[in-house]
Amino acid sequence: MLYKIEEQANVFKKLELLEFKDFSSFGKSANNLESLISSSILDVLFEEARLMPVLQGKQRQGGVNIYALNEIGELLLFSLKSASDGEDTVNQALRYMQDAGQWSYQKLEEKFIRHSQNETSLVQAHKEAFGLEHELEPEKMNNKQHLLIIGSAADQSLISHVDYWKKNGISIYFLPYRVYELAGENYFEFFALPHDQHKNPSDVKGVIFDTNRRWDENSIWSMIDNSRLEAYGDAKKFVHHIHVEDIVFFSHEWCGLIAAAKVKGQIKVLDSETLYRDVEFLTPIPNRKDNRMLAMPFSHVKLKTGKTFFWARTIKIPYLSKIEALELVEVLNNYLYRT
């Protein structure tokens with residue numbers, strides 16, 4: 001909930017509950033809601049959640065919008081409900097959950113390959129995404145399912161339906177949203193399980209950022225030669241997640257961390273497919289004339305930070321605090337200079 005703080009004589013006196021609305025209050029369609037939330041679930045709303053998307057469903061009443069795996073191979077199903085959906089929405093989503101629970105490993109892998117448009121096996125992609133030492137055994141994939149229903153906080157019928165099934169042993173959760181209209185601007189409030197962990201955008205953070213090597217071997221040199229951080233195509237949106245003074249670590253696939261830099265500039269457009277920010281390097285700058293790329297292995301990053309990262313994104317989550325980032329810069333400098 002959002003409360004206005006009322007102040008008297010320079011003292012905070014009381015809280016006033018603010019009115020919230022549903023998307024229908026703004027004349028927005030169910031498709032508009034689906035598009036807004038689906039495009040933001042794993043990148044914004046669950047910013048630091050370690051979830052690997054397997055399949056994105058088609059928008060339909062009571063359907064499932066996104067299927068994702070967690071580190072231990074459990075399947076999470078996200079279903080969005082708008083005000084125009086019928087009363088049977090939860091029951092329909094449960095039927096999709098039941099259906100997904102009966103997918104064999106082979107069927108789940110087929111769906112993943114079609115969604116990701118590459119031929120990497122599901123267990124191999126899962127291992128790489130979560131930085132696991134060994135692949136998860138296929139029979140351990142999809143042993144358990146969790147249904148997450150996203151809907152308006154004012155939808156009491158939906159809440160009652162979810163509570164009923166939860167009390168009967170179904171792994172189902174209700175994730176409420178609220179929309180506020182303040183001073184002519186619209187605001188979206190959402191609480192992501194388990195603890196709604198998001199860093200304050202004003203705080204300096206450390207970010208491990210992918211160099212795009214899988215798709216373009218030369219993209220790293222565009223960044224290095226021009227002292228900037230670049231992202232391309234669908235991934236260019238991640239440049240908006242990084243701010244001035246943040247510390248970025250260049251993650252070069254199959255190598256490790258090859259450099260660290262401080263973000264100095266605002267977002268700029270190179271072309272229709274590329275966004276970038278200027279940076280100032282804090283470590284030795286890689287040289288394309290060298291016979292090999294100096295890099296600190298990803299295993300060292302995990303060891304030195306004490307964190308397990310989700311590697312299957314342009315931005316490798318979780319983020320680092322400013323202190324953690326500066327410590328990693330020091331470790332990386334020592335490693336690169338020693339090497």
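## A question to start with

Are lysine 81 and aspartate 155 buried or exposed? Both of these residues are buried. Keep in mind as you read on that this is a predicted model.

## The buried pair and its setting

Lysine 81 and aspartate 155 form a salt bridge, with 3.0 Å between their closest N and O atoms. Lysine 81 sits in the loop between strand E5 (75-80) and helix H3 (89-101), while aspartate 155 belongs to the loop between strand E6 (145-152) and helix H6 (156-167), so this contact ties together parts of the chain that lie 74 residues apart in sequence.

## Other salt bridges

The structure holds 17 salt bridges. Side chains of opposite charge can pair when their charged atoms come close. Lysine 21 counts as partly exposed because its relative accessibility is 25%, which falls between the 20% and 50% cut-offs. Glutamate 181 is partly exposed as well, with a relative accessible area of 43%.

Arginine 213 and glutamate 217 also meet through their side chains in a salt bridge, at 3.1 Å from N to O. With 18% relative accessibility, arginine 213 is under the 20% cut-off and therefore counts as buried. Glutamate 217, at 41%, counts as partly exposed.

## The largest pocket

Rolling a probe the size of a water molecule over the atoms shows where empty space is left. In this model, the largest pocket holds about 1,700 Å³ of space. Its lining is made up of 50 residues, and those nearest the centre are Trp215, Trp311, Ala312, Arg313 and Thr314.

What is the lining of the largest pocket like by class? It has 23 nonpolar, 15 polar and twelve charged residues.

Several helices and strands contribute to this lining. Helix H2 (41-45), strand E3 (52-56), helix H4 (105-116), helix H5 (122-130), strand E10 (228-232) and helix H8 (298-305) each supply at least two of the lining residues. H5 gives the most, with six residues.

Technical notes: Residues are numbered from 1 along each chain as its sequence is written. This is a predicted model: local features need pLDDT of at least 70, side-chain atom pairs count only at pLDDT 80 or more; totals for chains, interfaces and linings use all residues. Side-chain values use heavy atoms; hydrogens and water are left out. On a 1 Å grid over the protein atoms alone, a cavity is a set of points where a 1.4 Å probe fits but cannot get out, and a pocket is an open set with protein on both sides within 12 Å along at least five of seven lines; lining residues have an atom within 4 Å of a point. Grid points are joined across faces, edges and corners, and a volume is the space filled by probe spheres set on the points. Helices (H or I, at least four residues) and strands (E, at least two) are DSSP runs, numbered from the N terminus. Ala, Val, Leu, Ile, Met, Phe, Trp, Tyr, Cys and Pro count as nonpolar, Asp, Glu, Lys and Arg as charged, and the others, Gly among them, as polar. A salt bridge is a side-chain nitrogen of Lys or Arg within 4 Å of a carboxyl oxygen of Asp or Glu. Buried means under 20% relative accessible area, exposed over 50%, partly exposed in between (1.4 Å probe, protein chains only).
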